Amino acid sequence: MERTSNRPSQFERAYRILEYLRWHSDREHPAVQADMRQCDALRGYMGGNDTSHNLIINMVSVMNFDEHGLRPRSEWKLVFKEFEERYAGDPEEDGEGEETLDKLRIRGLHYQHRFTYEEVNRLIEAVQFSSTMSTGETRALVDKLERCLTTKFYPQGPKQVCTVLTSRLTPPEKLRENLLVIQRAIDAGVKIAFRFNGYNRHRELVPVRAEKETVSPYYIVAYAGRYYLLACAEGYESMSIWRVDLMTELELPERDRRALEKRKVENLPQTWDDTFLFSHLNMSYDKPIPITLRIVNPRQGEDGKPWTNCTFLYDYFGDTIRCVRTETEPPYGDIVRVMCSPFGMVNWALQYADLVEVLEPTSVREAVKEKLERLNRKYGGGEEKYQEKFSSLGR
């Protein structure tokens, strides 16, 4: 549609001013109308004092009020000092409403962004820590978030963050389809059935079992670039964990569709706990138990006394670690206690075999010892060498 006049329409003027305010203002950096008139991008759109005043008041009215009256303060879009002072309380107390807007002076005008800078930082951090996007995709999305959700005053963080991708063979659309079916089943409180698979050497999904799995689904968990389902398999009353990208042929079973109640499932969180992974290392799903460890990595401190670097310990267990004591004689270890699944602990202790010794319970200690013996036989270590390296596990 062709414009019949060179003068901009009210809609175009409002749009230009709104875009300017969105990028050039926030609470700490309000816009000044005199500066707005000097801006090349707004030249010809502001008009005179009365014209710009009336236009901005109309924009405030449209963006901060609806058919029910004033919107909640968190939903305001354009704000200025006297508007905030006038409407911060209950605008209906003295019988006044939108009709008083034109009497207010426009000072301290700014666009109120939906996301705070701290919230934007958290979104960007989540994107940068994603292991499902390439470095280029990550940077493009971060640029888009900053451009759409912040202002020119936003204190930008690091951008040259490189991504380490998690290997994923399942097409994204298929994964989304699986997640949608699972979420609908969780919301409806019903079971799902699926074929569970593993990859062969030709990168092909091959069924682990001939029959389908039927489970009661409870939580979808995102971890290390993959999605997992916390569920209870039919015929059992304990939690199990399944990789969503390895599921195919998802469906709702025809009979006995109601999911087992959460309270009847052993080891399942009744409400989601953000510390879940601290006690279920690498998504191990057996029941966590108290495990006592000796952490040995003596170093010389500034005071001349040995100390142990426990950074790796906090990386896996966060602040759930309980310190029992520090040994005053060699090996000067720190004795700590954690809650962890036995299966997860055995494999983790092997990963850090030079730093960690499992002390209790005996069952977990023996499981570690048994794996070490199998490894020793596999790699052909001599008996004398084996005894020297792992004798502490036999005490």
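Arg168, Leu175, Gly225, Arg226, Tyr227 and Asp245 line the largest cavity, in what is a predicted model. A cavity here is a set of points on a 1 Å grid over the protein atoms alone where a 1.4 Å probe fits but cannot get out, and lining residues have an atom within 4 Å of a point. Local features need pLDDT of at least 70 and side-chain atom pairs count only at pLDDT 80 or more, while totals for chains, interfaces and linings use all residues. Numbering starts from 1 along each chain as its sequence is written, and side-chain values use heavy atoms, leaving out hydrogens and water.

**Cavity**
- The structure holds one cavity of 30 Å³ or more, and the largest has a volume of about 40 Å³, a volume being the space filled by probe spheres set on the grid points, which are joined across faces, edges and corners.
- Its lining splits into two nonpolar, one polar and three charged residues (Ala, Val, Leu, Ile, Met, Phe, Trp, Tyr, Cys and Pro count as nonpolar, Asp, Glu, Lys and Arg as charged, and the others, Gly among them, as polar).

**Pocket**
- The largest pocket (an open set with protein on both sides within 12 Å along at least five of seven lines) holds about 390 Å³ of space.
- Of its 15 lining residues, Ser130, Ser131, Thr132, Gly225 and Tyr227 sit closest to the centre.
- Helix 7 (172-188), strand 7 (213-223) and strand 8 (226-233) each give two or more residues to this lining, and helix 7 has the largest share, with four. Helices (H or I, at least four residues) and strands (E, at least two) are DSSP runs, numbered from the N terminus.

- An open sheet runs in the order 14-15-11-16 with antiparallel pairing (two strands pair if DSSP finds at least two bridges between them).
- Strand 14 (322-326) and strand 16 (356-360) are the edges with a single partner strand each, so one side of each has no neighbour in the sheet.
- Strand 11 (residues 289-295) and strand 15 (residues 334-340) pair over seven bridges, with threonine 292 partnered by arginine 337 of strand 15.

**Helix 1 on helix 3**
- The axes of helix 1 (residues 10-24) and helix 3 (residues 49-64) come within 11 Å and cross at roughly 80 degrees; axes are lines fitted to C-alpha atoms, for helices over the stretch in contact, with angles from 0 to 180 degrees between N-to-C directions.
- That makes helix 1 roughly perpendicular to helix 3 (65 to 115 degrees; under 35 is roughly parallel, over 145 roughly antiparallel and the rest oblique).
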